[in-house]
Amino acid sequence: SFSNSSSSTCEDHHQPPPKNNNRVINLDHGDPRVYEAFWRETGEKTTIKIAGWQSMSYFSDVSNVCWFLEPEFAEEVVRLHRVVGNAVTEDRHLVVGTGSSQLFLAALYALSPTNSPQPISVVSASPYYSSYPSMTDYQKSGLYKWGGDADKFDISGPYIELVTSPNNPDGFVRRSVLNRSEGLLVHDLAYYWPQYTPISSPSNHDLTLFTLSKTTGHAGMRIGWALVKDKEVAKKMTKFIELNTIGVSKDSQLRAAKVLRAVSDSCKLQGGGESFFQFSHKIMTDRWKQLREAVQRSNGFFSVPTFSPSFCTFFNQNLVPHPAFVWLKCEKNVEDCESFLRGYNILTRSGTHFGVSQQYVRISMLDTDENFMHFLHRLSTINFR
Ligand code: PMP
């Protein structure tokens, strides 16, 4: 659920406010607060002013397949992919969405056969992003239905496979696992950015999803985009958004354009000045170093994935991934890792939501500095004997 359970019990007047070490640390969601410091620094450069008379029409560019796509936003998306080198944008239709979540549903709608008696199966290799099953099934669509772990999928015929790379929750680089001729692929590349993973080459798939939420941390703007090869698929995705929300907030697209432009500009700074990706990569490197030290101190009680280095074409050097989440495993005598950590007032998301055992939990690495430091400190208070 998205309710915030990290708030204090101050409303309960019968109890004193919790002391610092009783405070609940909520790292269940991947709320990307970690980048706020960078955007505070940029100040006026990324402030936009929208007059009362602006952004009033439903329409942005009626000559585009995606008629509600703001040209300024489209331009900055293409430019940033070129600067980072993480996606081919040539011969692609760009579809903007209210977060990549809306585009995920638009993609399922667009890829599902319309004349099939049975809904098409939607699969993803476990551990998969915990929202996929519920987002696929909550409306009990007749077009598509959740088919579970792609590695165990043995029904013949067409299917949609979701490929998340690097993967949420575990951070590993992925490819499709089924590779059958009747498979339709959706690549969710929310985390294919240099602060999380080495950029190996520009992604070049049929249908790729990106989101501002994880790129720059502006989750609240609710902006995502899809790069779509097939014009008919792009048209159907656009139709879905038309039926769903008649377009995507222009105010958000204009603000997103401004933020993306600042990111690209920061990468082009000559002689000094830290780029957004240098800033974010440094923070993620530092957090992972501290996290691994804390895990080491647990003497084998906890384990986390290890990653080998690979060449990053953006930073021009060999680097190891620093995923947006820790995929933590309780190794010893603890069956339910989420409950165990809840006992220390640390809220995480159990492996069961990702299609695996409750020995695993996912923990956000993108929260505020304050919460992250509290988290490390809280880990140090656990008695591992
Ligand atoms: N895909 C993945 C893999 C994610 O982790 C997230 C955010 N947690 C999303 C999609 C959705 O992002 P948004 O709707 O904010 O763009």
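This is a predicted model: local features need pLDDT of at least 70, side-chain atom pairs count only at pLDDT 80 or more; totals for chains, interfaces and linings use all residues.
Helix α3 covers residues 99-111. At 1.5 Å a residue, a helix of 13 residues should span 18 Å, and the end C-alpha atoms of α3 lie 19 Å apart, which agrees with that expectation. The helix is largely enclosed by the rest of the structure, because 10 of its 13 residues are buried. A residue counts as buried when 20 or more other C-beta atoms lie within 10 Å of its own. By this criterion the buried positions of α3 are S100, Q102, L103, F104, L105, A106, A107, L108, A110 and L111.

The ligand is surrounded by 13 residues, of which G99, S100, S101, T211 and S213 are the closest. Among the contributors to this shell, α3 gives the most, with three residues. In terms of residue class, the shell around the ligand consists of nine polar, three nonpolar and one charged residues.

The domain assignment divides the chain into domain 1, made up of 20-38 and 277-380, and domain 2, which covers 57-267. A distance of 25 Å separates the C-alpha centres of domain 1 and domain 2. Their contact involves 30 residues from domain 1 and 28 residues from domain 2. On the side of domain 1 that touches domain 2, the elements giving two or more residues are α8 (276-297), β10 (310-312) and β12 (325-330). Helix α8 supplies the largest share of this side, four residues. The side of domain 1 that touches domain 2 comprises 19 nonpolar, eight polar and three charged residues.

Terms used:
Residues are numbered from 1 along each chain as its sequence is written. The expected span of a helix is 1.5 Å times one less than its number of residues. A residue is buried if 20 or more other C-beta atoms lie within 10 Å of its own, exposed if 12 or fewer, and partly exposed in between; C-beta atoms are placed from the backbone. A residue is near a molecule or strand if its C-beta atom, placed from the backbone, lies within 6 Å of it. Ala, Val, Leu, Ile, Met, Phe, Trp, Tyr, Cys and Pro count as nonpolar, Asp, Glu, Lys and Arg as charged, and the others, Gly among them, as polar. Domain bounds come from an automatic or database domain assignment. Two residues are in contact if their C-beta atoms, placed from the backbone, lie within 7 Å.
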